[in-house]
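I am opening a notebook on a structure I have not looked at before. I will write down each thing as I look it up.

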Amino acid sequence: MTEQEMQMWIASSLGMNVNAIPNVLLDAGDGRGWYEADLVYFRGNGYLFEVEIKTSFNDFKKDFEKSAYHTSRQVRGLYYAFPHTLWDERQQSIIELLGEKNPKAGIMLVSGRDATGLPFVFQRAKLRKDALPLNREQQLAFFRLGCRKWWKREYEARQQSWWDEQKKFYENLSRHLDEEIEGKGGDTP
């Protein structure tokens, strides 16, 4: 399962009353720069939650080596999301490493195997008391960003699909012409 597939499963499972945005830059705070959140979401109360998606155990381990580690003061709670296959293979190692490095983080599991593929919250994130809710202006900025990102992703997928169809058409046409030429015993011009 890819990061994008997991983003889609998680965002769709949160429902229409939750605003979910993929791949957002967040200020790490204390002058440490910026980092990219794989997925953020917020409800009407404006509290922002972050989901860090991990599709391999090595990627999960490397996450703790980042100079700007999920420290945005805007984030009320952090979740790590894993595909069920990775969780099934490395559950104990994930729990131990997370307990050592960030015991406040929550854990989401994404199946994609069943009819819904909906994420399952294995462990709830501990809430940061000092996180402030997004004000209306910040929420609107996230709305705009989310619309652009989701629409761009959909547009690119449709463009790729169109190019794939065109490629298949010309491959079939070429194969048909080759067969026709061979059937007539001729060579290509």
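Entry 1. The model is a predicted one, which I note here at the start. The strands behind this pair are strand 1 and strand 2 (residues 34-42), and I find them paired in the antiparallel sense over eight bridges.

Entry 2. Six strands form it in the order 1-2-3-4-5-6; it is open, and its pairing is mixed. Strand 1 (19-27) and strand 6 (120-123) each have a single partner strand and stand at the edges, so one side of each has no neighbour in the sheet. From one strand to the next, I read an average twist of 35 degrees.

Entry 3. Next came helix 1. I count it as residues 3-14, 12 residues in total, reaching 17 Å from first C-alpha to last, close to the expected 16 Å. Which of the residues of helix 1 are buried? I list Met6, Gln7, Ile10, Ala11 and Leu14. Seen down the axis of helix 1, these buried residues fall within an arc of 125 degrees, so they line one face of the helix. As background, an α-helix has 3.6 residues a turn, so residues three or four places apart point the same way. After helix 1 comes Gly15, with a positive phi near 95 degrees.

Entry 4. Helix 3 (residues 84-101) lies across strand 4, strand 5 and strand 6, and runs at about 135 degrees to strand 4.

Entry 5. I looked for nonpolar cores. The largest has 16 residues, of which Ile10, Tyr41, Val51, Tyr79, Ala81 and Met108 touch the most other members. Helix 1, strand 2, strand 3, strand 4 and strand 5 each give two or more residues to this core. Helix 1 gives the largest share, four residues. Apart from this core lies another, of 15 residues, among them Phe60, Leu78, Leu98 and Ala105.

Entry 6. Last, I looked up Glu50, which sits in strand 3 (residues 48-53). Is Glu50 buried or exposed? I find it buried, with a relative accessible area of 0%. Leaving aside neighbours within four places in sequence, the contacts of Glu50 include Leu26, Tyr35, His70 and Tyr79.

Methods:
Residues numbered from 1 in each chain as written. Predicted model: local features only at pLDDT ≥ 70, side-chain atom pairs only at ≥ 80, totals over all residues. Heavy atoms only, no water. Buried < 20%, exposed > 50% of the residue type's maximum accessible area, 1.4 Å probe, protein only. Contact = heavy atoms within 4.5 Å. Expected span 1.5 Å × (residues − 1). Arc of directions from axis to C-beta. Pairing = 2+ DSSP bridges. Axes fitted to C-alpha atoms, helices over the stretch in contact; angles between N-to-C directions. Core = buried A, V, L, I, M, F, W, Y, C linked by side-chain atoms within 4.5 Å.
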